[in-house]
Amino acid sequence: MWLLSLALVLLLQLSAAQNVSYDHRSLILNGKRRILLSGSVHYPRATPEMWPGIIQKAKEGGLDVIETYVFWDRHEPSPGQYYFEGRYDLVKFVKLVQQAGLLMNLRIGPYVCAEWNLGGFPIWLRDIPHIVFRTDNEPFKKYMQSFLTKIVNMMKEENLFASQGGPIILAQVENEYGNVDSHYGEAGVRYINWAAEMAQAQNTGVPWIMCAQSKVPEYIIDTCNGMYCDGWNPILYKKPTMWTESYTGWFTYYGWPIPHRPVEDIAFAVARFFERGGSFHNYYMYFGGTNFGRTSGGPYVASSYDYDAPLDEYGMQHLPKWGHLKDLHETLKLGEEVILSSEGQHSELGPNQEAHVYSYGNGCVAFLANVDSMNDTVVEFRNVSYSLPAWSVSILLDCKTVAFNSAKVKSQSAVVSMSPSKSTLSWTSFDEPVGISGSSFKAKQLLEQMETTKDTSDYLWYTTSVEATGTGSTWLSIESMRDVVHIFVNGQFQSSWHTSKSVLYNSVEAPITLAPGSNTIALLSATVGLQNFGAFIETWSAGLSGSLILKGLPGGDQNLSKQEWTYQVGLKGEDLKLFTVEGSRSVNWSAVSTEKPLTWYMTEFDAPPGDDPVALDLASMGKGQAWVNGQSIGRYWPAYKAADSVCPESCDYRGSYDQNKCLTGCGQSSQRWYHVPRSWMKPRGNLLVLFEETGGDPSSIDFVTRSTNVICARVYESHPASVKLWCPGEKQVISQIRFASLGNPEGSCGSFKEGSCHTNDLSNTVEKACVGQRSCSLAPDFTISACPGVREKFLAVEALCSS
Ligand code: GAL
């Protein structure tokens with residue numbers, strides 16, 4: 001009996017096993033070539049409660065595969081001690097992907113970059129004697145192999161590789177080594193070969209990939225990362241053309257405006273990739289989420305990792321991005337068999353226009369591209385004229401009818417609102433002592449910060465005493481600092497300094513006021529995420545270094561860098577865990593004082609009613625960290641305003657994109673709203689604690705809820721297929737049609753107006769079809785309005801969604 005059930009289990013597993021192989025055209029799953037659409041979702045950047053919804057929306061958006069990195073630093077917080085709970089429950093995440101019927105690309109790395117603290121390396125790895133990261137170095141290879149093997153074995157034990165019937169069809173070792181390999185010379189070549197062999201020897205039964213790294217052994221698939229990857233090919237012909245990082249936007253830095261990438265350009269890039277022979281494509285990010293706690297790298301990477309992705313930071317559909325890409329995915333899937341069963345036939349249609357035609361059996365799929373970044377044009381293809389907007393690709397599923405054009409967004413758009421909950425919070429505060437207040441130690445030099453704190457805190461106090469003889473204007477000259485330093489003399493705040501994403505290390509000339517006699521200088525140095533990118537990141541330093549000179553004294557300059565310094569790692573409030581319920585009870589809180597540096601603030605609040613995602617509006621604050629019921633929602637820094645003057649008036653999707661092209665929010669806080677996951681709150685009596693470094697006004701802090709209540713669609717006469725309207729919230733229905741006009745309406749979603757030509761009686765028709773429904777289709781009869789002289793008639797509809 002026992003043997004029989006074992007045999008049955010084995011049989012079931014084997015029958016579910018997927019064979020993953022490949023040829024030059026694509027990955028082959030169970031003998032079938034596949035177009036695979038994939039999206040990056042990093043599990044710790046959401047909560048386990050959010051995972052099912054995100055995965056479901058990825059599936060509805062037309063994805064087949066979820067890609068994630070694996071975050072070594074959090075999984076192995078000290079050597080041999082592992083952690084896989086809560087947001088780090090990798091097995092649970094992979095199983096949820098499987099339950100949704102999706103596949104997985106597991107990018108183990110274990111170097112991940114990813115705007116993650118130290119690129120995902122555990123901080124203790126720096127302390128291993130003689131270690132050099134990412135090269136042919138025995139200690140490094142030992143720890144890397146041990147972690148990668150641990151993850152592979154965990155997946156194997158749970159039968160999660162496709163070869164075992166699981167969802168994982170691919171795994172990645174290393175990450176973009178091609179960007180740094182020149183720094184490591186021959187040892188780098190030996191390392192990459194070792195990493196490949198070590199991974200291959202794990203026997204997962206699925207292919208290993210390496211991204212942005214062309215010198216790979218024959219059994220590894222090399223893949224492309226970039227804004228555009230059309231025309232890119234793997235080194236060997238027998239490998240499929242795969243794109244592992246196709247950027248849907250870019251991440252936000254504190255002190256920098258917010259990058260956006262127009263969906264017309266993303267769709268263009270993706271369509272061009274498939275046009276020119278690609279078969280696996282991954283959006284980086286499909287859902288970006290949040291850098292909770294102190295996980296963000298950088299330095300200066302914001303807590304929001306929204307990325308302008310198709311699913312926003314809160315897990316909501318970002319429209320029309322999500323929908324337009326869904327339309328593209330549906331079109332590509334309809335052409336899958338024809339596209340993958342043949343080689344594209346290329347022909348020129350004009351100076352900047354070309355066609356690629358795939359034919360197989362009776363099927364024919366054509367891609368018509370206009371890569372001119374300025375001019376719309378009309379091309380002749382198989383004796384038919386097609387108008388091609390600038391910088392666009394049309395996909396013709398039968399080589400005749402346009403099923404999709406990357407520049408014509410038919411999918412609905414929306415207005416997202418952040419509604420203040422107008423909560424009246426009553427705050428108390430606690431002063432963080434200036435300088436040494438707990439355990440400390442001395443050294444006759446300026447210590448490197450990471451070496452000293454082991455990254456247990458962002459903060460390190462450097463304190464020393466100086467004798468001032470006479471008065472005059474004095475200042476501290478610090479040769480090199482990074483990332484932030486707050487300067488105090490005799491407990492009095494003097495000034496704050498920070499470097500920036502473009503100048504990582506800088507010098508400081510800080511005026512200070514000394515009293516005659518002995519003075520205590522206390523410098524609070526803070527890191528804002530450890531370096532995640534670049535060669536030899538284990539050697540990059542933080543904190544104060546070089547000479548530190550007191551200038552302006554009548555007796556001449558004093559070099560303080562070699563005198564005795566007293567150090568304290570972290571803050572008193574961190575030590576007392578003031579952000580937890582228990583810790584907060586261990587001190588006496590007093591009435592608030594605003595605009596005061598080094599202040600802890602505490603309040604109790606009730607969760608905003610409803611199910612909409614919640615954020616904390618910290619616009620009135622300076623810089624610090626925030627916790628809800630003991631969970632860190634991240635670093636905040638609204639006081640660091642984005643550089644002015646680099647934001648364009650409007651963003652033109654046409655032409656090559658880079659992350660500095662379509663910025664918004666110049667002159668404003670890079671991040672004002674901080675996501676508070678619903679699952680971290682109880683209905684009543686939640687604890688909110690902030691640590692404020694520079695000074696802010698907590699009385700203006702409020703909770704906001706995020707919702708999409710207004711949705712809009714346009715249906716054009718030239719592509720009169722029906723257009724769908726839907727409410728993005730699960731519990732929402734269309735409650736009202738606010739606007740419906742066929743003709744030449746003006747304005748945009750949220751502010752439509754009737755144009756010179758319009759039909760008034762449409763609202764009723766649209767209401768009948770839509771009100772009370774979660775979704776409805778609009779297929780207007782364009783003959784009902786003549787509109788002489790109007791170039792192209794269209795129907796614009798604006799509807800309200802309510803729950
Ligand atoms: C890539 C890297 C990713 C991420 C991305 C920028 O170079 O592989 O991990 O850092 O850049 O978001």
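Tutor: Let's start with a cysteine pair: Cys 364 and Cys 399 form a disulfide, with 1.9 Å between their sulfur atoms. The rule here is that a disulfide is a pair of cysteine sulfur atoms within 2.5 Å. Keep in mind that this is a predicted model, where local features need pLDDT of at least 70, side-chain atom pairs count only at pLDDT 80 or more, and totals for chains, interfaces and linings use all residues. Residues are numbered from 1 along each chain as its sequence is written, and side-chain values use heavy atoms, with hydrogens and water left out.

Student: Why is the disulfide of Cys 364 and Cys 399 left-handed?
Tutor: The torsion about its S-S bond is about -75°, so the disulfide of Cys 364 and Cys 399 is left-handed. This pair links distant parts of the chain, 35 residues apart. Cys 364 is in strand β15 (residues 363-370), and Cys 399 is in the loop between β18 (392-396) and β19 (402-405). Those labels come from DSSP runs numbered from the N terminus: helices are H or I with at least four residues, and strands are E with at least two.

Student: Is Cys 364 buried or exposed?
Tutor: Cys 364 counts as buried because its relative accessibility is 11%. Cys 399 counts as buried too, at 3%. Buried means under 20% relative accessible area, exposed means over 50%, and partly exposed is in between (1.4 Å probe, protein chains only).

Student: How many disulfides are there by this rule?
Tutor: The count comes to 8 disulfides. One of them joins Cys 647 to Cys 666, with 2.0 Å from S to S. The link of Cys 647 and Cys 666 is right-handed, with 95° about the S-S bond. Cys 647 counts as partly exposed at 23% relative accessibility, while Cys 666 counts as buried at 18%.

Student: And what about Cys 727 and Cys 801?
Tutor: They form a disulfide as well, with their sulfur atoms 2.2 Å apart. The link of Cys 727 and Cys 801 is left-handed, with -90° about the S-S bond. Cys 727 lies in the loop between β41 (723-726) and β42 (733-743) and Cys 801 in strand β45 (residues 794-802), so the pair ties together parts that are 74 residues apart in sequence. Both Cys 727 and Cys 801 are buried.

Student: Okay, switching to helices. Where does α8 bend?
Tutor: Helix α8 (residues 321-340) bends by about 45° at Leu 334. The bend at a residue is the angle between axes fitted to the seven residues ending there and the seven starting there. In α8, 14 of the 20 residues are buried, so the helix is largely enclosed by the rest of the structure.

Student: What do the buried residues of α6 pack against?
Tutor: They pack against α5 (138-157), β7 (168-173) and β8 (208-211), where contact means heavy atoms within 4.5 Å. The buried residues of α6 include Tyr 191, Ile 192 and Trp 194.

Student: Now the ligand! Which residues come nearest?
Tutor: Of the 14 residues around the ligand, Tyr 69, Ala 114, Glu 115, Glu 176 and Tyr 307 come nearest. A residue counts as near if one of its heavy atoms lies within 4 Å. A polar side-chain atom of Glu 176 lies 2.3 Å from an oxygen atom of the ligand, and for Glu 245 the distance to a ligand oxygen atom is 2.9 Å.

Student: Last one: which peptide bonds are cis?
Tutor: Among them is the one from Gly 109 to Pro 110, with omega near 0°. Pro 110 is in the loop between β6 (103-109) and α5. The peptide bond from Gly 298 to Pro 299 is also cis, with omega near 15°.

Methods:
A polar contact is a pair of N or O atoms within 3.5 Å; within protein, one must be able to donate a hydrogen and the other to accept it, and residues adjacent in sequence count only if both atoms are side-chain atoms.
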